[in-house]
Amino acid sequence: MEQFKRMANIYFLFMTIISWLIDSPVSPMTALVPLVFVIGVAAAKQGYEDIQRHKSDNKVNRTKATLIQNGKEKQIQSQYIAPGDLVLVKRDWDVPCDLVLLQSSDPHGKCYINTANLDGESNLKTLMVPRELPAVGLEAMTSLGRIECEHAKTDLYSFNGKIELSSSEGLVLPLTAENVLLRGSRVKNTESIIGCAVYTGMNTKLQLNSRHTRNKFASSEIYLNRFLIFNLILMFGICALLYFLKNRAEVTIIPDMEYVGTTVNIHAFSQFFQDFFSFLVLFKYLVPISMYVIVEMCRVMAGQFMRWDLHLYDEATDQPCMVNATNLNEELGQINILFSDKTGTLTKNEMIFQQCSIVGRKYHYHQTQLEEEGTKNVIDYNMFNVNQRNFFQALAICHTVQVAGDIQGSSYENGISNVGTARESMNGDSKKNISNSTGKASNGTEATAFDESQAPSDFQKQIERTIKTLDYQSSSADEKALIEACANLGLVYTGGDDKQLKIRIVDPHKNSTDEIVFEKLHTLEFTSERRRMSVIVKDASGVRWIYTKGAESCIFPLCNKESQELITITDDHITDFARLGLRTLAIARRKIGDDEYGEFLKELKEASFSLDNRNELNEMCYEKMEKDLDLLGATAVEDALQDDVADTLTSLKRAGIKTWVLTGDKMETALNIAISCGHITPNALKYFITECSSKEDMLDHLDNLDYHMKFARNKDFALLIDGKSLAVALNETSNEFRDLTIKCDAVLCCRLSPLQKSKVVALIKSSPENFITAAIGDGANDVSMIQEAHVGIGVMGKEGHQAAQCADFAFGKFYMLKRLLLVHGHYNSVRLAMMILYFFYKGIFLMGVMFIFQFYTLFSTTSAFDSLPMTLYNVIYTTLPMFILSQTEKPYPQEMLLSQPELYKKISKNKPLHWTPFFAWNLSGIYHAVICFYFAWCIFSVNDVILNVGQTADLASLCALLMHVVILVEHLKLWLETKYQSYWFIFSTFFSILVYIGTMVLYGSFNINHDTDLYWTYNKVLVSIPAWLYSILTTVACLLPDFTINIAIKGLNLHQRCLKRGKDISS
């Protein structure tokens, strides 16, 4: 029944049934065979996909899993795991279902996992056994307690649950995402773990995220449906007209023709049913049923060609182009507005620490040293003052970076020793300041003495080797860059367990190692709504601190009054950083009193036991702690531009594609990147909308923008708006904002949340101008935007592959977008348009001959063609050349499309599928039908002795000759319209003609008298010289106007045509 969701299939099924119910003028097989062919091909394709899915499911479902039952290991198939089962997972095994971590071979209760199959992130993540969970033996684990959790949700990064221990007087422990291993992840650097299954089968988070989103349809289908409706109306109009003329003939002409027999009762319903539906059966080919399956096959092959395109292959990551939605191939040629993420899409997401602001002073980073701006003083860690040490120690504390390397191995210890970066002790005020600010330095072990004759470059190389050995892992490239910068400056983060955080002090001028140890109390996670993260620690002297790091727009309001002057200076520095295109973060801290901390623990515990709104309650607790902070300073990291991003954006602009950049970065940073990558031209007039909080303010801004645009029509306009102002525009003035901003040449939206990104795309989609939108991004925060756009494009970048997996198309580098749109988009749009127009042309041509024929048979519903060629007409005779052309047609060489992006405008807005080309092809079909029929009619009327044996030609000969010429003209018409020709296409054209001739000769060799008596008829016509002369004359007469028009359009530019295998016409 799946196949009959398509109206054309229902239509032909209806025609097949009607053909069996009435005295059909043609064999019911003429409707049944094409229907079976279309359904068969589509069913075979879907059946193959179902088989592959079934094999894939079996491969996953039958994977061996190890359970713990009665204290012993037992192997079963993973599909039989049920909630509550204890599952053993060893090193490098895939997790078979969603598990709550209960036991780990790691002495600190840690478990390292790789989640590349979930979100594409290759960095290791650390999970923890729930704190205070008692360690028990295997036999006692089944009676450890009872787990309660929320219903399964799609969010990969949240989990709310609790475990009630049975042996600890009802002790309840909260369960969060850091206690859960998700199906699809893989255990790494941990020998074994045991977990309790909570979500299995279709309820796992992986499976919930694998479900399909809403279906997307190409805009070309709108035009296709319009053409189908037009032809349906035309068909019913023709049938009604012929039915009226037949009844008129029955009344005025048939009574005078006694040899015809008695007249029929034209007023009887049965006669109406017979006559009208006979005409419907005759003219059913006005609706091209096989077009759907051929179009689908062509799309699949075109998608395969995109995967094979070496220009879309990223050698660095070994990633070819991904095509997840072949039905949108031609939509790549219709894009009007492109929405792009910035970080990781326009930039490489390779962060390098460049500058910082510390207590009102600006510094430049040079590997192991800092250079103060203005004074040019160069200092290393040994010369740091208290503020500088506090700042970088804060960076080494406030993060979620994991150490994946073997920190206890000899390579690490030797690296630290060879660096010689330790201080035996700290004296005087320095030691006191360190203790007061971050904790008491513990005595370290003696290290190999540092050779002071060593060059700084050698010291730097040794530090780099140490960092490589530690192998920092982080989901944030910014955090990793900051931690590596701290290590280069002398504060090496060496990891720790869930209760400790260790930093080794590294100094190139001393010969002992010191280690600072903090007790890690809480991590307040980063979210896109909070835009910050915090860490609560306790130093060796027992003082508790909260360190907070995040966007300056979120950190500054949390600082105390004493920091207001420093905020002003730091904000100026941040603005300077942003103008250089650097990404900025602010960092602050404060002490936490005992009473305050106790109240925090109480409220956090209450929130942790809630299963419904735990996240909201947790955030309320966080906000009470993240206040009255002392500002320490700000960081600035560089994110280099992607390769050829400026050329790509400039080319898209020339192609008529407007680009909107939607980013979470600060406006100054985004503006600098936008100018450097060519998104905003240097001479463009820029209009800023910031800190807008009311509808009236937004309307004033829009009026001012409209005024400036009207009086500077020849200028490029760029609109820059922040997230706060955009929220007002989306909620209060959405239509006014949309209608005005689409007139801008470039739009830059900053400080946006993922939800705001998708809302912007949805707003532009709602425009009455029916813009076709595309969205491109590389991170999980871009998924909603990608799925909302008409065409979603993912970049397989450093933020993971989640965007690529949810996108319709994906590739490795942003510059590949230029080729995807300008080349593949152009070709696919042109090919689909030609295919659709050709199918409708064929139907008009064939049915035109049938229509004229009815006037010379007294509208008797007699068919002009035999059932066999009618049956095979769309299935075999005319399919192969069009299929080959749909893969090879190139109106312009690839190089020309890339060097002249303006050619993209010729096919945008589905220009090849507008009514003008549709009627042009249909008029051509009508003209061809008139020429074919009346040339044959004239020949038969003047002298019907055209056979070599000297016999007169009968009606069967006329029908055979008409179909012969129809086949010839249709194939040569297609050949004439092609602009790129290869031996494959030419071979398919002649092969299809020969197939028609061969089947008709074979068919005519047997005495099968069904519709018309074709026994030996076509064979005699085929060897008739007059018949061949007629064929040649008719073909020339049909195609001469087409050829003349094409020559006139091309301006006699004949040199563009050539005959070379696999070469462009112009080459």
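This is a predicted model: local features need pLDDT of at least 70, side-chain atom pairs count only at pLDDT 80 or more; totals for chains, interfaces and linings use all residues.

Q: How do β1 and β3 run, and how many bridges join them?

A: They run antiparallel, and two bridges join β1 to β3, residues 86-90.

Q: And what about β1 with β2, how many bridges there?

A: Six bridges, in the antiparallel sense. β1 covers residues 64-69 and β2 covers residues 72-77. K64 stands opposite Q77 in β2.

Q: Zoom out. How many helices and strands in the protein chain?

A: 34 helices and 35 strands. The chain has 1067 residues, and 54% of them count as buried.

Q: What share of the contacts comes from residues 24 or more positions apart?

A: 74%, taken over the contacts with a separation of 6 or more.

Q: Let's do the nine-stranded sheet. What's the strand order?

A: β13-β35-β34-β33-β14-β29-β32-β31-β30. The sheet is open and its pairing is mixed.

Q: Which strands stand at the edges?

A: β13 (322-323) and β30 (685-689). Each has a single partner strand, so one side of each is left without a neighbour in the sheet.

Q: Inside the sheet, are β29 and β32 parallel or antiparallel?

A: Parallel, over four bridges. β29 is residues 658-662 and β32 is residues 746-750. The bridge partner of L662 in β32 is C749.

Q: What covers the buried residues of α22?

A: The cover includes β29 and β32, along with β31 (717-722), α20 (695-710), α21 (723-732) and α23 (754-765). The buried residues of α22 (734-741) are F737, R738, L740 and T741.

Q: Now the annotated site. Which residues does the UniProt "binding site" cover?

A: D341, T343, D778 and D782, according to the unreviewed UniProt entry. They span 442 residues in sequence, yet no two of their C-alpha atoms are more than 10.6 Å apart, so they gather at one spot.

Q: Where is D341? Buried or exposed?

A: D341 is in the loop between β14 (337-340) and β15 (347-358). It is buried, at a relative accessible area of 4%.

Q: What does D341 touch?

A: Leaving out residues up to four places away in sequence, D341 touches L346, L662, K757, I776, G777, D778, D782 and M785. D778 and D782 also carry the annotation.

Q: Other strands now. How do β22 and β23 pair?

A: In the antiparallel sense, over four bridges. β22 is residues 491-495 and β23 is residues 500-505. V492 stands opposite R504 in β23.

Q: How many bridges join β23 to β24?

A: Six, and the two run antiparallel. β24 covers residues 514-524. In β24, the bridge partner of I505 is D514.

Q: Switching to helices. What's the angle between α28 and α32?

A: About 170°, with their axes 8 Å apart. That makes α28 roughly antiparallel to α32.

Q: Which residues make the contact?

A: From α28 (880-888), L880, P881, I884 and L885. From α32 (983-1004), W984, F985, S988, T989, F991 and S992.

Q: How many of those are nonpolar, polar or charged?

A: Seven are nonpolar, three are polar and none is charged.

Q: Where is T190, and what is it in contact with?

A: T190 is in the loop between β11 (186-188) and β12 (192-199). Leaving aside neighbours within four places in sequence, it is in contact with K90, R91, S104, S105, K110, C111 and Y112.

Q: Is T190 buried or exposed?

A: Buried, with a relative accessible area of 2%. T190 and S105 are 85 residues apart along the chain, and their C-alpha atoms are separated by 6.6 Å.

Q: Last one. Where is I939 found?

A: In α30, residues 915-942. I939 is partly exposed, with a relative accessible area of 28%. I939 and A1027 are 88 residues apart in sequence and 9.3 Å apart in space, C-alpha to C-alpha.

Key. Residues are numbered from 1 along each chain as its sequence is written. Side-chain values use heavy atoms; hydrogens and water are left out. Axes are lines fitted to C-alpha atoms, for helices over the stretch in contact, and angles run from 0 to 180 degrees between N-to-C directions. Angles under 35 degrees count as roughly parallel, over 145 as roughly antiparallel, 65 to 115 as roughly perpendicular and the rest as oblique. Contact means heavy atoms within 4.5 Å. Ala, Val, Leu, Ile, Met, Phe, Trp, Tyr, Cys and Pro count as nonpolar, Asp, Glu, Lys and Arg as charged, and the others, Gly among them, as polar. Two strands pair if DSSP finds at least two bridges between them. UniProt positions are given in the numbering used here, feature names are shortened, and annotations may be inferred rather than shown by experiment. Buried means under 20% relative accessible area, exposed over 50%, partly exposed in between (1.4 Å probe, protein chains only).
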